[in-house]
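Hi everyone, thanks for coming.

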Amino acid sequence: MTNPLAPFLALCGSFALSWLLTGRVLAYLRLKAILDHPNDRSSHSIPTPRGGGWGVMLTLLPSWTLIAVTVDHPLRALPILAGTVALMAVSWMDDRRGLGPAPRFLAQIAAVVAGLSALPGDGLVFQGLLPFWADRLVAAVGWLWFVNLFNFMDGIDGLAGGEAASIGAGLALVATLAALDPALALYGLAAAGAALGFLVWNWHPAKLFMGDVGSVPLGFTLGWLLLVLAASGLWVAALLIPAYFLADATVTLLRRLAEGKKVWQAHREHFYQKATQRGRTHAQVVRLVLTLNAALLLLAVASLALGWVALPAGAAAVVLLLALLARPVRAAA
C-alpha cells in the first residue's frame, strides 16, 4: 500500500527542491554570463539567463528515481530516466553552442524508441484500432511531436512551466480517480511540483528562462505519462489535458507548412506569441491558458463517466481561446 503522505511529499517536496535548485542555477548562469540575447524572434527585450531547466530536471530525476524504486517497478522507469538524461545532455549542448536539427532529432528518436518499452506491455494507445506494431509506431511519432511542440511552446514567461504543472497535476488527479497504478499519479505530482518551483522564478517578468535543457526532457517525460494514461484506456483524458499545447503547436505547424516556410526554424507565429504582439502581457496570456487548462481538466474528469462525449466541449473551449488570443487588445480610452 502506498504511504498516504506520498502524494503530499511528491508535490511539496519537489516544489521546494525545484525552487531552491532553480535559484542556485540562476546564480550560476549569471556568474557565467549564460544569457539569451534578444533578437527579432524573441518575446523578451533584455538579456536573460537561459538554462533554468536544470533546476526542474535535477528535481524531477531524483524524485522519479525514488518513486520508481519505492512504488513502481525500477526496470520499467529505467528507459525513461536514461532517455531523460541523454536529452538533457544533448539539449544543453544545443543551448550553449547550437546544434543542427539532425543530432537533436536523432537523440529524440533514440530516447523515444527506448522509451516505448516503458509503455504497458498489454496496453494499446489507440485502443485496438491498430495492430500492435502500428500502435507503437504511431505512438512513437506522436511522442516525438510532443517533445518538439513542448519545446516550441516555451516562448513566453511562465507558459511552459504552467503547462507542465497543469499536465502533471491533471494527470495525477485523473489517474487517482480512475484507480490506476499509484506510481502514475506520483510521477505526475512530482513533475507538477518541479514545474511550480521553477515557475516562481519564471513568472513574468522572468528572472531566467527554461532553455532546451528543460523543455525537451520535460516534453519527453510528460509525453510518456500521457501515453501511459491513453494505453490504460483513458485516451480521451490524455487528449484533453494537454489540448491547448497540442492545438496551438499543430495548427501553427500546418499553417507554416502550407505557406512553404521552414518549420524547424524559430519564429513568432504561435497564437500565444501573436497575443503578446497584439497587446496582451505574458502574464495575461498564461492566466488565460491556465484557466482553459482548468476547464479541460474538469472535462477530463468528466470523461471518466462520459467517454468521448467530453471531447467536443474540450475542442470548442480550445478554439474559443485560440480565437481570443488572435484578437487585438483594444487600447484603453
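**A surface patch and a helix**

Let's start with the nonpolar patch: helix H1 (6-31) and helix H7 (182-202) each supply at least two of its residues. Please keep in mind that this is a predicted model. Which helix gives the most to the patch? That is H1, with three residues. The members are Phe15, Trp19, Leu20, Leu196 and Val200, and together they have about 430 Å² of accessible area on the surface.

Take phenylalanine 15, which lies in helix H1. Is phenylalanine 15 buried, partly exposed or exposed? Its relative accessibility is 33%, so phenylalanine 15 counts as partly exposed.

Now over to helix H12, residues 282-306. Those 25 residues reach 35 Å from the first C-alpha to the last, close to the 36 Å expected at 1.5 Å a residue. Buried residues in H12 include Val285, Val289, Leu292, Leu296 and Leu299. As a reminder, an α-helix has 3.6 residues a turn, so residues three or four places apart point the same way.

And what do the buried residues of H12 pack against? Their partners are helices H6 (159-177), H9 (235-240), H10 (243-258), H11 (271-277) and H13 (310-326). Just after H12 comes glycine 307, with a positive phi of about 70°.

Last, the record. An unreviewed UniProt entry annotates several stretches as "transmembrane region", among them 51-70 and 285-302. In the model, residues 51-70 are 90% helix and 0% strand, with end C-alpha atoms 30 Å apart. Residues 285-302 are 100% helix and 0% strand, and there the end C-alpha atoms are 26 Å apart.

Key:
Residues numbered from 1 in each chain as written. Predicted model: local features only at pLDDT ≥ 70, side-chain atom pairs only at ≥ 80, totals over all residues. Heavy atoms only, no water. Helix = DSSP H or I, 4+ residues; strand = E, 2+ residues; numbered from the N terminus. Expected span 1.5 Å × (residues − 1). Buried < 20%, exposed > 50% of the residue type's maximum accessible area, 1.4 Å probe, protein only. Contact = heavy atoms within 4.5 Å. Patch = residues over 30% accessible without salt bridge, like charges linked within 9 Å, V, L, I, M, F, W, Y side chains within 5 Å. Areas by Shrake-Rupley, 256 points an atom, 1.4 Å probe, with all protein chains shown as cover. Salt bridge = Lys/Arg side-chain N within 4 Å of Asp/Glu carboxyl O. UniProt positions renumbered as here; feature names shortened; annotations may be inferred.
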